[in-house]
Amino acid sequence: MRLPLLRSPQVVFGLLVAATILTTWVLSKDAFDSRGMVVAVLAIAGWKVRLVLLDFMELRDAPWYGRAIFEGWIAAVVVVLAGVYLAG
Amino acid sequence: MSVATARPAAGERRRRMPGAEGIWVLIAGDLAIFSLLFLSFLLDRNDDPATFEQGRQALHLDQGGINTLLLLTGSWCVVRALRAARAGDAVRAQRWLAGGVAGGAAFAVSKVVEYLREVDAGHTSTTSDFFMYYFSITGLHLVHVVVGTAILAGFLLAWRRRGVGSGLVAFESGALYWHVVDLLWIVIFPLLYVVR
């Protein structure tokens with residue numbers, strides 16, 4: 001179900017700012033387990049990139065293959081980076 | 001075809017890739033290059049985590065976070081500028097676009113200040129593998145920021161001279177490039193400043 005209000009630039013911008021604050025000034029603290037924190041931070045980065053792709057770059061209204069390529073790219077980046085980090 | 005004139009009939013949802021033909025190929029190439037840099041960074045980090053952690057701790061996390069907020073704000077301004085331009089509201093479109101240019105310029109200035117702080121602390125690209133990646137990845141990204149800001153400034157000047165009615169697809173392409181600058185930093189920041 002599409003929720004237009006949640007896709008307004010203001011709301012998307014607010015979500016991106018909130019996620020940035022969470023990453024920079026909360027999760028980065030030493031209080032959190034490193035491995036879990038890093039996976040969470042990479043997942044949050046992937047979610048932020050997806051918001052930019054879909055709502056700022058307007059891929060939400062693009063043909064399916066356009067969305068699939070770029071959503072697939074960021075999903076692959078997050079999975080591979082998290083996997084390489086955890087394997088280290 | 002101009003977006004402003006390409007209005008679908010009521011009830012019809014016309015799906016299209018925004019921007020000019022070819023811009024998405026350019027974007028895909030850019031993303032592929034940076035993806036390989038990200039992967040290479042983490043693979044090398046796995047070989048020498050102590051050196052990379054030492055380098056990370058020498059970075060200025062707060063400034064990195066503020067830089068992220070500057071780019072996000074610039075991207076939001078560009079989204080609003082495009083929407084205002086499509087609606088034919090020239091005054092608001094120019095104001096929002098000026099905000100986007102200011103966001104890019106502020107990031108560039110902040111990044112140069114950050115480089116100067118690092119060099120002042122004795123950190124250069126030859127200090128360690130971490131700083132080699134730090135200066136390479138953020139330097140390549142900074143070039144994108146400068147080019148993106150110049151593109152936005154060029155559109156701002158063009159709009160002031162000729163109005164916002166024409167060239168909307170071209171501006172869509174410029175806006176897409178700007179958002180790529182933003183989303184690349186969204187990955188670069190945690191990778192360099194937060195991963196420990």
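This is a predicted model: local features need pLDDT of at least 70, side-chain atom pairs count only at pLDDT 80 or more; totals for chains, interfaces and linings use all residues.
Residues are numbered from 1 along each chain as its sequence is written, chains are lettered from A and ligands numbered from 1 in the order in which they are written, and side-chain values use heavy atoms, without hydrogens and water.

Let's start with the rings. Phe, Tyr and Trp rings (the six-membered one for Trp) pair if their centres lie within 6.5 Å; planes under 30 degrees apart are stacked, over 60 edge-to-face, and the rest tilted. That gives 22 aromatic pairs over all chains. Take B:Phe107 and B:Trp185: their ring centres are 5.2 Å apart and their planes at 80°, so this pair is edge-to-face. B:Phe107 sits in helix α4 (residues 90-120) of chain B and B:Trp185 in helix α6 (residues 168-194) of chain B, so the pair ties together parts 78 residues apart in sequence. Helices here are DSSP runs of H or I, at least four residues, numbered from the N terminus.

Are these two buried or exposed? B:Phe107 is buried, at 0% relative accessible area, and B:Trp185 is buried at 0% too; buried means under 20% with a 1.4 Å probe, protein chains only.

Another edge-to-face pair is B:Phe130 with B:Phe131, 5.3 Å centre to centre and 90° between the planes. Both pairs belong to one aromatic cluster, which also includes B:Tyr193. 

And B:Tyr193 brings us to the second largest pocket, where it is one of the lining residues (an open set of 1 Å grid points over the protein atoms alone, with protein on both sides within 12 Å along at least five of seven lines; lining residues have an atom within 4 Å of a point).

Key:
On a 1 Å grid over the protein atoms alone, a cavity is a set of points where a 1.4 Å probe fits but cannot get out, and a pocket is an open set with protein on both sides within 12 Å along at least five of seven lines; lining residues have an atom within 4 Å of a point. Helices (H or I, at least four residues) and strands (E, at least two) are DSSP runs, numbered from the N terminus. Buried means under 20% relative accessible area, exposed over 50%, partly exposed in between (1.4 Å probe, protein chains only).
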